[in-house]
Amino acid sequence: GLEEKAITEAIDRKIKEQNNNENVEIVLIRDGDMSMNLTDRVTIINKLKPDLVLSIHINSNLNMKVNGVGAYISSNKAFYEESKKMAVIAVDKITSTGKLTKRYVSEAPFHILKYANCNMVHLEIGFLSNENDRNYITSEEGQNEIATKILESLK
């Protein structure tokens, strides 16, 4: 009965609400329960010309023991180093509480990663299929901690 979009939207809103850094503007591309294709998302991103895009997701696996936080980045050399640095920092910060485990930072050929003209991190925050991850990422405390850690990674 849990939906990724509801969980990620809750975390996204907490990130925006908790942001008190006047040098960081948080823009939510999907505000509310709306569907948007990947090409439209890339168009919006490229018009905004952000310094960084964090695309936040929740994972799932048939093996319910699989857990943790991972990130994907583009292999585009223009954005590779900065995206990788931000991905490593974000994964390290989110897992620093000890409530979620660290998995990986890896390249992926995802549409948005390929076509967005900016530094970008596709962040996978835990697994709905894993009881420990699910309990944490769906709790108010967990979502607040995740939002705080993501904001800390932007400093």
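**Figure 1. Lys-49 in the loop between H2 and E1 of the predicted model**. Lys-49 has a relative accessibility of 67% and therefore counts as exposed, the cut-off being over 50%. The phi angle of Lys-49 is near 50 degrees, which is a positive value in a residue other than glycine. Lys-49 follows helix H2 and belongs to the loop that runs between H2 and E1.

**Figure 2. Helix H2 and its buried face**. Helix H2 spans residues 38-48, and its buried residues are Arg-41, Val-42 and Ile-45. Viewed down the axis of H2, these buried residues fall within an arc of 95 degrees, so they line one face of the helix. The elements that cover them include strand E1 (52-59), helix H4 (111-115) and strand E4 (119-127). At the start of H2, Asn-37 places a side-chain oxygen within 3.0 Å of the backbone nitrogen of Thr-39. Beyond the other end, H2 is followed by Lys-49 with its positive phi.

**Figure 3. The aromatic cluster of Tyr-72, Tyr-104 and Phe-110**. Two aromatic pairs are found in a search of the whole structure. In one of them, the ring centres of Tyr-72 and Tyr-104 are 5.3 Å apart and the ring planes stand at 50 degrees, so this pair is tilted. The pair links distant parts of the chain, with Tyr-72 in strand E2 (residues 69-73) and Tyr-104 in strand E3 (residues 102-107), 32 residues apart. Tyr-104 has a relative accessibility of 21% and so counts as partly exposed. For Tyr-72 and Phe-110, the ring centres are 5.1 Å apart and the planes are at 70 degrees, so this pair is edge-to-face. Because Tyr-72 lies in strand E2 and Phe-110 in the loop between E3 and H4, the pair ties together parts that are 38 residues apart in sequence. Phe-110, at 33% relative accessibility, counts as partly exposed. Ring pairs thus link Tyr-72, Tyr-104 and Phe-110 into a cluster.

Figure 4. The relative accessible area of Gln-143 is 7%, so the residue is buried, the limit being under 20%. When neighbours within four places in sequence are left aside, Gln-143 is in contact with Ile-7, Ala-10, Ile-11, Lys-14, Tyr-136, Ile-137 and Thr-138.

**Figure 5. Ala-10 in helix H1**. Helix H1 comprises residues 4-18, and Ala-10 is part of it. Ala-10 counts as partly exposed, with a relative accessibility of 25%. Ala-10 is among the residues in contact with Gln-143. Between Ala-10 and Ile-26 the C-alpha to C-alpha distance is 14 Å, and the two residues are 16 apart in sequence.

**Figure 6. The crossing of helices H3 and H6**. The axes of H3 (residues 80-95) and H6 come within 8 Å and cross at roughly 145 degrees. The crossing is right-handed. On the H3 side, Met-86, Ile-89, Ala-90, Lys-93 and Ile-94 take part. They meet Ile-146, Lys-149, Ile-150, Glu-152 and Ser-153 on the H6 side.

Terms used
Residues numbered from 1 in each chain as written. Predicted model: local features only at pLDDT ≥ 70, side-chain atom pairs only at ≥ 80, totals over all residues. Heavy atoms only, no water. Buried < 20%, exposed > 50% of the residue type's maximum accessible area, 1.4 Å probe, protein only. Helix = DSSP H or I, 4+ residues; strand = E, 2+ residues; numbered from the N terminus. Arc of directions from axis to C-beta. Contact = heavy atoms within 4.5 Å. Polar contact = N/O pair within 3.5 Å; in protein donor to acceptor, adjacent residues only side chain to side chain. Phe/Tyr/Trp six-rings, centres within 6.5 Å; stacked < 30°, edge-to-face > 60°. Axes fitted to C-alpha atoms, helices over the stretch in contact; angles between N-to-C directions. Left-handed = near helix turned anticlockwise from the far one by under 90°.
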